[in-house]
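Here is my short note for you to read beside the model. Please keep the sequence open as you go through the points.

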Amino acid sequence: MEKRNHSSPAIQTDETDVAIIGAGPSGAAAAAWLARNGLRVQVIERSLFPRFSIGESLLPQCMVHLETCGLLDAALAGGFQVKNGAAFTWRGKTTAIDFRDKFSDGPGTTWQVPRDDFDQRLIEGAREAGAQVQFETLVEDFTADAERPSLTLRTKDGQRRILRARFILDASGYGRVLSRLANLSKASTLESRCALFMHVEDRIDHPGHDREKILIGVHPVHPGVWYWLIPFSDGRCSVGVVGDRDTLQAAGGDDTSRLWHFLNEEPTLAELLQNATQVRETNRLEGYSADVERLHGPGFALLGNAGEFLDPVFSSGVTVALDSAMRAAPLVKRQLAGETIDWDLEFEQPLRRGVATFREFVEAWYDGRLPKIIFNEQQSPRIRSMISSVLAGYAWDQSNPFVSASRRRLNSLAEACSAETVTDELVPL
């Protein structure tokens, strides 16, 4: 049993069935599902909602999970910008992948969302389902125990209390509370990168711009630098640039000037944003890729970014968060009903398989294989649909050859893209 010296006789002690750290998408989804299934749930969130968060472009796989946990209607009420795919631009050449033309079963559309509104709607939906939510509360310590794990909490007014649970889910995102407290962190296999981003009133009136797709740009000179443009339904959009820290730092004296410098260097984005006005301060996020030794322990499991986070390039963050929540919640219910759960076999291994697929695509993006594939439009529709499925979030569909053997298929396809036309014979499936 992992135990820390945190208690004192004077501290109030409360009890619940499931304690969830973090009120973002994974925490809200798990809380809603567990509460609907009759368990007492307390969500502990350090911030006051609504609050800004990055990760504003969802993938269609998310819609399945939102329906499963009962939060789809709550999200639908937000009137968010519909998203049906991704457009890519490089040196004036633009191509697109439509998620509706995909290999895997499931929804082909989703949303692009301001996360303050989206996350607020989800956690309120979880509260309506019966979960208790406490904002502006920090987790200071915890005791991991197979039957009675507990958290030491501190509220905004300095009050401390102990929350004893029968199980704890860490949905703390970049805070990575339990991985930090239990010394589970390990280095990511991905290189450290930096992102600069802001919101603008975009005033885009270009007839060729499709607001129903995220736009991903590649820098004309620096192949490791890329951009996102995520339109929202209110005429604003999120824009950002990602690259190595030194390259971004050299572009100006502050982050705002650096961001605009790079945006103006990409022809398509420079044209689209020529009338844009910044409406939110420039933010920076760096060193975000992270991993952990394991995703579970005595009486606890890690969800979404609280465990492993890859990279923002294919918007996999919320998808992994929701997938992890919908894998963990039924296991928690079964365990609390008396079953013995093999968390490695039933949770960690299957979750990591999908994350590994996303990782292969991220690595192929940065080493140049995936841009070569994406900008080659001469592939057969069948191959294109398989790529579309992974980018739509269906990274767990083992019937897709680009899931079951991601690296080998991406290598073969990238090599074949030097041919004028890429057929199924060139990339045997």
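**Notes on rings and cores**

1. F309 has a relative accessibility of 6%, so F309 counts as buried (buried means under 20% relative accessible area, exposed over 50%, partly exposed in between, with a 1.4 Å probe and protein chains only). Its ring partner is Y174. The ring centres of Y174 and F309 are 5.5 Å apart and the planes meet at 80°, so this pair is edge-to-face. Rings of Phe, Tyr and Trp (its six-membered ring) pair if their centres lie within 6.5 Å; planes under 30 degrees apart are stacked, over 60 edge-to-face, and the rest tilted. The two residues are 135 apart in the chain: Y174 sits in the loop between β12 (167–170) and α5 (177–181), F309 in the loop between β22 and α9 (317–336). Helices (H or I, at least four residues) and strands (E, at least two) are DSSP runs, numbered from the N terminus. Y174 is partly exposed, because its relative accessible area is 32%.

2. A word on the basis. This is a predicted model, in which local features need pLDDT of at least 70 and side-chain atom pairs count only at pLDDT 80 or more, while totals for chains, interfaces and linings use all residues. Residues are numbered from 1 along each chain as its sequence is written, and side-chain values use heavy atoms, leaving out hydrogens and water.

3. How many aromatic pairs does a search of the whole structure find? The search finds 15. One of them joins F142 and F300, edge-to-face, at 5.8 Å centre to centre and 85° between the planes. F142 lies in strand β9 (residues 137–143) and F300 in strand β22 (residues 300–302), 158 residues apart. Both are buried.

4. Ring pairs also link F52, F197, W226 and W228 into a cluster. R280 lies over the face of F52, 3.9 Å from the ring centre. R193 does likewise with Y366, at 3.3 Å. A charge sits over a ring if NZ of Lys or CZ of Arg is within 6 Å of the ring centre and within 35 degrees of the ring normal.

5. Now the cores. The largest nonpolar core has 121 residues, and L169 and W365 are among those with the most contacts inside it. Such a core is a set of buried Ala, Val, Leu, Ile, Met, Phe, Trp, Tyr and Cys residues joined through side-chain atoms within 4.5 Å. A second, separate core of 22 residues includes L196 and Y227.
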